[in-house]
Amino acid sequence: MPDQPVPEIELLRAAYAAFNARDIDAVLALMTPDVHWPKAFNGGFARGTEAVRAYWTEQWSEINPHVEPVAFHPEDAGQVLVEVHQVVRDLAGAVLADEYVGHRFTIEHGLIQAMEVCSLSSSDLGA
């Protein structure tokens, strides 16, 4: 019997695709109005969709990140850990970072409520 699509994973796939396409409105439409988002590039957090818009607009004026989901690990309480391959380039195309990191999402009422960046350990991945 084939696996049924998991709505949270489909939501996150759409969010990564829109992020990589730089379609801010499409990503923000997948978030709660009071989303809690890490400002990994600057430090701290953005609270709310307009703060996330401002953060990404600033970030993309300085760097060019591409974040590709590799694996999805559903957890308890509406959380999903996503293993991602993140390649960050400067605006001239030079690679600044090429790494695998974890993004832990909290999903509420079918929307992204929060995201945190975390390191990937074998215990996180169920190994």
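## Phe19 and Trp60

Both Phe19 and Trp60 are buried in this predicted model. The relative accessible area of Trp60 is 16%, which lies under the 20% limit for a buried residue.

Across the whole structure, a search identifies six aromatic pairs. In one of them, the ring centres of Phe19 and Trp60 are 5.3 Å apart and the ring planes meet at 65 degrees, so this pair is classed as edge-to-face. Phe19 belongs to helix H1 (residues 7-20) and Trp60 to helix H3 (residues 49-60); the pair therefore ties together parts that are 41 residues apart in sequence.

Trp56 counts as buried because its relative accessibility is 2%.

One aromatic cluster is formed by Tyr16, Phe19, Trp37, Trp56, Trp60 and Phe105.

In soluble globular proteins, nonpolar side chains tend to be buried together. Here, the largest nonpolar core comprises 29 residues, and those with the most contacts inside it are Met31, Trp37, Trp56, Phe105 and Ile112. Helix H1 provides the largest share of this core, with seven residues. The elements giving two or more residues to the core also include helix H2 (24-28), strand S1 (31-38), H3 and strand S3 (63-74), together with strands S4 (79-90), S5 (95-108) and S6 (111-118).

The surroundings of Phe105 can be listed in detail. When neighbours within four places in sequence are left aside, Phe105 is in contact with Leu12, Tyr16, Trp37, Gly78, Gln79, Val80, Val82, Ile112, Ala114 and Met115. Of these partners, Tyr16 and Trp37 belong to the aromatic cluster along with Phe105.

## The largest pocket

The largest pocket holds about 390 Å³ of space. It is lined by 23 residues, of which Ala40, Gln59, Val67, Gln86 and His103 are the closest to its centre.

Strand S5 supplies the largest share of this lining, namely five residues. At least two lining residues come from each of H1, S1, H3, S3, S4, S5 and S6.

Notes. Residues numbered from 1 in each chain as written. Predicted model: local features only at pLDDT ≥ 70, side-chain atom pairs only at ≥ 80, totals over all residues. Heavy atoms only, no water. Phe/Tyr/Trp six-rings, centres within 6.5 Å; stacked < 30°, edge-to-face > 60°. Helix = DSSP H or I, 4+ residues; strand = E, 2+ residues; numbered from the N terminus. Buried < 20%, exposed > 50% of the residue type's maximum accessible area, 1.4 Å probe, protein only. Core = buried A, V, L, I, M, F, W, Y, C linked by side-chain atoms within 4.5 Å. Contact = heavy atoms within 4.5 Å. 1 Å grid on protein atoms, 1.4 Å probe; cavity = no way out; pocket = protein on both sides within 12 Å on 5 of 7 lines; lining within 4 Å. Points joined across faces, edges and corners; volume = space filled by probe spheres on them.
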